[in-house]
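Hi,

Here is the structure I promised to pass on.

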Protein chains: 2
Amino acid sequence: MTAAHDEIFRTLADPTRRAIFERLCREGEKTVGALTARAGVSQPVVSKHLAALKRAGLVRDRPEGRQTHYSAEFAALAPLVDWANEMTSFWEKKFDALEDLLKRMDQ
Amino acid sequence: MTAAHDEIFRTLADPTRRAIFERLCREGEKTVGALTARAGVSQPVVSKHLAALKRAGLVRDRPEGRQTHYSAEFAALAPLVDWANEMTSFWEKKFDALEDLLKRMDQ
DNA sequence: TTGATGTATAGCTGGTGAGCTATGAATTGG
DNA sequence: CCAATTCATAGCTCACCAGCTATACATCAA
């Protein structure tokens, strides 16, 4: 349902959180400390954002000793793309309908 | 930059607002009154959401007499899809790199 | 002109969440 | 065993925003 999209949209809506996710996509697995270094916010905030991303299924954590490695879960973006494609599909259907109409008017 | 995505994500993050946008996509142009009828919120709230959607470029308004018709602006979803595709592209690049590595190790 | 209708705006309130500091918990090094 | 490091959690504050009602504004009908 729409509830599934809800968490993804809401999670990616925050710029700081989206930036963290983007870094994980571009640069691969990173520790909390490495992410904090250039996040522009404090370490607890980064941890909180990572927890939110994990709840949404957008990242995966790999604890190793006293540090935790996070990596992007690309597949989690699929519902978002599917949703967007579904929305635009209604647009195409309208064109199809218009095309149909014009074809009928032609006859 | 990311600021462009920012407004789109933030605008679509709200369930009520996204539902309104979805209805405009599925059912085409609608007046404020028609949208309010099944929105589950008051008319001023619907108007406010429509204003937000318009600011984000997601809808277009067509005033006609005392009522205003709104319709979806499908093209506005493009940046969202592009962003998602860009993110997943990093995933594919990693596979390419891995493939490269394995190929080299084979030699 | 007057009243009714459709939409937008103003102003308020409550809830949510992003940021902070302080601290707890777990692990590593000496 | 002790100190340092790394991360997560707790508790707080502040700003923002979705929702409401009331009302202004514009348009149509009679």
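Let me start at DNA strand D, where a polar side-chain atom of B:Thr16 sits 3.0 Å from a phosphate oxygen. I call that a polar contact, meaning a pair of N or O atoms within 3.5 Å; within protein, one must be able to donate a hydrogen and the other to accept it, and residues adjacent in sequence count only if both atoms are side-chain atoms.

Before going further, some ground rules: this is a predicted model, so local features need pLDDT of at least 70 and side-chain atom pairs count only at pLDDT 80 or more, while totals for chains, interfaces and linings use all residues. Residues are numbered from 1 along each chain as its sequence is written, chains are lettered from A and ligands numbered from 1 in the order in which they are written, and side-chain values use heavy atoms, with hydrogens and water left out.

The side chain of B:Ser42 has an N or O atom 2.8 Å from a phosphate oxygen of DNA strand D. From the other chain, a polar side-chain atom of A:Thr68 is 3.3 Å from a sugar or linking oxygen of DNA strand D. Sugar or phosphate supplies 65% of the atoms of DNA strand D within 4 Å of the protein, and bases supply the rest. H4(B) gives the most to this surface, with four residues. Helices here are DSSP runs (H or I, at least four residues), as are strands (E, at least two), numbered from the N terminus. By class, the surface near DNA strand D has six nonpolar, ten polar and five charged residues. In that scheme Ala, Val, Leu, Ile, Met, Phe, Trp, Tyr, Cys and Pro are nonpolar, Asp, Glu, Lys and Arg are charged, and the others, Gly among them, are polar.

Now for DNA strand C. It has 21 residues around it, with A:Ser42, A:His49, B:Gly33, B:Ser47 and B:Tyr70 coming nearest. B:Ser47 has a side-chain N or O atom 2.6 Å from a phosphate oxygen of DNA strand C, and B:Gln43 puts a polar side-chain atom 2.8 Å from a base nitrogen of DNA strand C. The largest share of the surface near DNA strand C, four residues, comes from H4(A).

How are the two protein chains related? A rotation of 180° with 0.0 Å of shift along its axis superposes chain B on chain A, with an RMSD of 0.0 Å (least squares on the C-alpha atoms of residues with pLDDT of at least 70 in both). The two copies are thus related as by a two-fold rotation axis.

Lastly, a helix pair in chain A. Helix H1 (residues 2-13) and H2(A) pack at about 95°, with axes 5 Å apart; axes are lines fitted to C-alpha atoms, for helices over the stretch in contact, and angles run from 0 to 180 degrees between N-to-C directions. H1(A) and H2(A) are therefore roughly perpendicular, a label for angles of 65 to 115 degrees.

Cheers

Definitions and conventions:
A residue is near a molecule or strand if one of its heavy atoms lies within 4 Å of it. Angles under 35 degrees count as roughly parallel, over 145 as roughly antiparallel, 65 to 115 as roughly perpendicular and the rest as oblique.
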